[in-house]
Every structure is written in structure tokens, then in C-alpha cells.
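Q: I am new to this structure and would like to learn how to read its features one by one. Please give the general idea each time, and then the case at hand.

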Amino acid sequence: RLGAAFGATLPRGSTVIINRDPHLSPRMLKRGIISGLPSAGINVQDTRSVPIPVARYIARKTGAVGGVHIRLSPYDARVVDIKFMDSRGLNLSKDTERSIERVFFREDFRRVYLDEVGVIAYQPRVIETYTEAFLACLNVQAIQEAQFAIVVDYANAPTSLVLPGVLGRLGVKVVELNAAIDE
């Protein structure tokens, strides 16, 4: 119902990026939200599980009208946060959040005909697209010449999918800790 409510506030036929952290609860909730969006005529591009800055960049880069990120709260492991984003990858305004809440509680969902149901697909080359754009903003040669050596604790999070590629291209020597993603 939450996916259908969000979809009802968006233009029919538009695209939304959806992302989650690796925990099981966000995985389950993401699937529920994904199932509601196409019923409102919204296309879904699933980025799977990448860090939220990557999802925000992909939402902006692909021309999506918005995005959703589902994560286990960093403050309370019994709570799941659902972050809605606009077309720029920024958090939605309070007014927009209230309009989604209004649709949700009134159950005023938009339903579309069979030929207007949204498509669910995986967003291709998410990490590669982000890495290329990130490196384009840096003086790569200067960083390579500095020959940095660092220790990185990935905290068993999706950053371990992105950062090694970035640091490798920068020529940084890395001692990695907790690099395996843990649900």
C-alpha cells in the first residue's frame, strides 16, 4: 500500500529508483513497496543494495522522478527507516511526505489498466556509473602520486561494493576490515 500511495502522487509512466541495505527486514519491505508502485503505473528500477549516496546519484543521473531507500535504523535495530527521494536524490519535502500519507491513510490509490502497469527492472551498471562520475570530480593523478596507504573498516556494509573499486583506481594501498556484506 505504501508503494501504491507513493506512486499515486507521481506522474503515470514515470520511473522510481529503489534501494535497500543488506538486512532481511528492509529486503522484505522493499519487495512490498516494489509491488505497489507498478499498480499505480510507475516503473521501478531496482539498484539492489548499494550505499544511499550511490542510490541518490543514480536517481538524479537516470532522470527518475524519485526514489526510495529502505534501511535498518542506525539508532534502533528494531526500526526500519524508509527514505523517499525526489528527482534530485534529495529527501522529500514535508509537504510531499504529507501528501503521500494522505493518500495512504485514505486508501485513495490510483489503479491503472493492464496496459499501463509499470515495469520492474534492475538498474544496470550502478556501481560503475557512480565510480566513473566520482572519479571525474577528482584529480586522480595527484592522488595516485601521493601513494596513500589506509585502513578501511567497511562494517560489513554495501560500501564494500563501491569503495574498493574507487580506491583501486586511485592507486591507494588498502588494508580492508569487515569487507564481506553481512545481512
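Q: Is Glu107 buried, exposed or partly exposed?
A: Relative accessible area sorts residues into buried (under 20%), exposed (over 50%) and partly exposed (in between), using a 1.4 Å probe and protein chains only. Glu107 has a value of 48%, so it is partly exposed. The model is predicted: local features need pLDDT of at least 70 and side-chain atom pairs pLDDT 80 or more, while totals for chains, interfaces and linings use all residues. Residues are numbered from 1 along each chain as its sequence is written, and side-chain values use heavy atoms, without hydrogens and water.

Q: With which residue does Glu107 form a salt bridge?
A: Side chains of opposite charge can pair when their charged atoms come close. The rule here asks for a side-chain nitrogen of Lys or Arg within 4 Å of a carboxyl oxygen of Asp or Glu. Glu107 meets Arg1 in this way, with the closest N and O atoms 2.7 Å apart. The two residues are 106 residues apart and belong to distant parts of the chain: Arg1 is in the segment before helix H1 (2–8), and Glu107 is in the loop between helix H4 (94–106) and E5. Helices (H or I, at least four residues) and strands (E, at least two) are DSSP runs, numbered from the N terminus.

Q: How many salt bridges does the rule give?
A: The count is 9 salt bridges. One of them joins Lys94 to Glu97, at 3.6 Å between the closest N and O atoms. Both residues lie in helix H4, 3 residues apart, or about one turn of the helix. Lys94 is exposed because its relative accessibility is 55%, whereas Glu97, at 27%, is partly exposed. Another salt bridge links Arg78 and Asp76, N to O at 3.1 Å. Here Arg78 is exposed at 74%, and Asp76 is partly exposed at 24%.

Q: What is the order of the strands in the sheet?
A: Strands of a sheet pair through backbone hydrogen bonds, either parallel or antiparallel. Two strands count as paired if DSSP finds at least two bridges between them. In this model an open sheet of 5 strands runs E4-E3-E1-E2-E5, with mixed pairing. Strand E4 (80–85) and strand E5 (120–122) are the edges: each has a single partner strand, so one side of each has no neighbour in the sheet. On average, neighbouring strands are turned by 20° against each other, direction ignored.

Q: How many bridges join E1 to E2?
A: Strand E1 (residues 15–20) and strand E2 (residues 43–46) run parallel and are joined by 4 bridges. Within this pair, Ile17 has Gln45 of E2 as its bridge partner. Helix H3 (residues 52–62) packs on the sheet, where it touches E1, strand E3 (66–72) and E4, and its direction makes about 170° with that of E1. Contact means heavy atoms within 4.5 Å; axes are lines fitted to C-alpha atoms, for helices over the stretch in contact, and angles run from 0 to 180 degrees between N-to-C directions.

Q: Which residues touch the most other members of the largest nonpolar core?
A: In soluble globular proteins, nonpolar side chains tend to be buried together. A nonpolar core is a set of buried Ala, Val, Leu, Ile, Met, Phe, Trp, Tyr and Cys residues joined through side-chain atoms within 4.5 Å. The largest one has 20 residues, and Phe6, Val16, Ile18, Leu37 and Val68 touch the most other members. H1, E1, helix H2 (24–36), E3 and H4 each give two or more residues to this core. Another core, of 19 residues, lies apart from it and includes Ile58, Ala59, Tyr154 and Val162.

Q: Where does Val68 lie, and is it buried or exposed?
A: Val68 is in strand E3 and is buried, at 0% relative accessible area. Beyond four places in sequence, its contacts include Phe6, Val16, Ile33 and Ile82.

Q: How many aromatic pairs are there?
A: A pair of aromatic rings is described by the distance of the centres and the angle of the planes. Rings of Phe, Tyr and Trp (its six-membered ring) pair if their centres lie within 6.5 Å; planes under 30 degrees apart are stacked, over 60 edge-to-face, and the rest tilted. The whole structure holds 4 aromatic pairs. Phe104 and Phe105 are edge-to-face, because their ring centres are 5.2 Å apart and their planes stand at 85°. Phe104 is buried at 19%, but Phe105 is exposed at 65%. Tyr57, Tyr130 and Phe134 form one aromatic cluster.
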